[in-house]
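This report describes the strands, helices, cores and local backbone features of the structure shown below.

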Amino acid sequence: MQTDDTIAAIATGAGKAGIGIVRVSGPAADQIASALVDRLPPPREARLRWLRDAYGDRLDRALIVRFPGPDSFTGEDVVEFQGHGGPLILEAILAAAVAAGARRAKPGEFTERAFFNDKIDLAQAEAIADLINSQTHAAARAAVRSMSGDFSAAVTALAEQVIRLRMYVEAAIDFPEEEIDFLDDVGLAREIDAVVAAFEQLQRKVQAGRVLADGLKVELLGAPNVGKSSLMNTLTGAATAIVTDIPGTTRDLIREAIDLQGVPLLLTDTAGLRDASVVIERECIRRSREALGEADLALVMIAANDP
């Protein structure tokens with residue numbers, strides 16, 4: 001990917017913090033950095049410098065780190081300004097970089113450039129987003145494994161197995177006059193079985209990754225007053241749902257996200273299922289059944305004394 005423009009963005013999260021980072025990437029990164037500091041540090045060495053705007057006014061005292069391409073995250077020349085993490089300060093540094101010739105980056109554009117410059121593949125790019133959006137430690141660990149290339153390596157190995165099989169079969173088709181029937185080879189059958197098993201294993205990994213990233217939607221179902229709301233409160237550790245002895249207390253769908261041993265769950269407490277005569281209760285039951293269609297798991301509760 002060849003780009004003529006240089007992008008800049010605040011690389012740290014919104015809000016106040018001790019440290020905030022403004023990142024610049026592109027062919028003019030060093031030129032733009034030179035407009036903000038008196039002298040640039042050597043590559044990959046952090047130096048403390050005063051940052052100044054176009055009028056020479058001091059903006060902040062920050063660490064400057066340069067990463068010349070192609071040995072950088074994006075594969076381009078990259079400069080980072082690591083200053084104090086106040087939103088106004090970071091915005092002022094970003095504005096100074098833009099005034100010096102940078103363009104404000106679009107969401108995800110640094111990762112996009114890394115992908116097009118062959119620094120990461122598509123699976124690794126998606127893993128970065130998964131890592132940022134991780135809701136549990138297990139999800140974060142899974143994203144790190146994908147980001148390090150584990151998933152890509154598994155896909156590549158499987159693709160190579162399929163290519164070898166295809167070459168073998170095509171060779172047997174291209175040379176039918178040979179006395180040996182290559183397609184009857186026992187080894188070929190074993191190779192096909194191995195590919196099928198590899199596909200199934202990869203599919204299980206993908207499914208597990210989806211659960212860790214997106215979580216499981218779990219709906220609590222059962223008759224009125226069977227204990228759904230009590231279980232909801234026990235799992236969430238809070239008085240999330242109102243609990244009374246009156247059947248039909250829960251009307252609307254009540255949702256709460258929890259972390260259960262590293263797996264994110266979105267719990268939904270529902271109205272008790274029964275033959276209702278009241279219009280509003282019938283509507284609540286209809287919504288409960290409708291929500292069931294979106295659930296990954298239905299936890300059906302039955303009273304122990306109900307045969």
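## Basis and aromatic contacts

Rings of Phe, Tyr and Trp (its six-membered ring) count as a pair if their centres lie within 6.5 Å, with planes under 30 degrees apart called stacked, over 60 edge-to-face and the rest tilted. By this criterion the structure holds 1 aromatic pair. The model is predicted: local features need pLDDT of at least 70 and side-chain atom pairs count only at pLDDT 80 or more, while totals for chains, interfaces and linings use all residues. Residues are numbered from 1 along each chain as its sequence is written, and side-chain values use heavy atoms, with hydrogens and water left out.

The charged end of arginine 58 lies over the ring of tryptophan 50, 4.2 Å from its centre. For arginine 23 the ring is that of phenylalanine 110, and the distance to its centre is 5.7 Å.

Helices (H or I, at least four residues) and strands (E, at least two) are DSSP runs, numbered from the N terminus. Two strands pair if DSSP finds at least two bridges between them.

β3 and β4 (residues 58–67) run antiparallel and are joined by 6 bridges. Leucine 48 has leucine 63 in β4 as its bridge partner, and leucine 51 stands opposite aspartate 60 in β4. The hairpin of these two strands has 5 residues between them, and glycine 56 there takes a positive phi near 85°. β4 is also joined to β5 by 5 bridges in an antiparallel arrangement, in which phenylalanine 67 is partnered by valine 78 of β5.

Helix α1 (residues 29–36) has Ala29, Ile32, Ala33 and Leu36 buried (under 20% relative accessible area; exposed is over 50% and partly exposed in between, with a 1.4 Å probe and protein chains only). These residues cover an arc of only 100° around the axis, which puts them on the same side of α1; the arc is that of the directions from the helix axis to the C-beta atoms. An α-helix has 3.6 residues a turn, so residues three or four places apart point the same way. The buried residues of α1 pack against β2 (17–25), β3 (47–52), β5 (78–85) and α2 (87–99). Alanine 35, also in α1, is partly exposed at 45% relative accessible area. Beyond its neighbours within four places in sequence, alanine 35 is in contact (heavy atoms within 4.5 Å) with Arg52 and Ala100.

A nonpolar core is a set of buried Ala, Val, Leu, Ile, Met, Phe, Trp, Tyr and Cys residues joined through side-chain atoms within 4.5 Å. The largest has 19 residues, and Val24, Leu51 and Phe81 have the most contacts inside it. β2, α1, β4, β5 and α2 each supply at least two residues of this core, and α2 gives the most, with 5 residues. Leaving aside neighbours within four places in sequence, the contacts of phenylalanine 81 include Val24, Ala33, Leu51, Leu63 and Ile93.

Strand β7 (residues 216–222) runs parallel to β9, with 5 bridges between them; lysine 217 stands opposite leucine 266 in β9. Strand β8 (residues 254–260) pairs with β9 in the antiparallel sense over 7 bridges, and arginine 255 has threonine 268 of β9 as its bridge partner. β8 and β9 form a hairpin with 2 residues between them, where glutamine 261 in the turn has a positive phi of about 50°.

## Backbone features in loops

Most residues other than glycine have a negative phi, and most peptide bonds are trans. Arginine 44, in the loop between α1 and β3, has a positive phi of about 60° and is partly exposed, with a relative accessible area of 43%. Aspartate 118, in the loop between α3 (109–116) and α4 (122–132), has a positive phi near 60° and is exposed at 69% relative accessibility.

A cis peptide bond joins glycine 69 and proline 70, with omega about 5°. Proline 70 is found in the loop between β4 and β5.

Terms used:
Lys NZ or Arg CZ within 6 Å of the ring centre and 35° of its normal.
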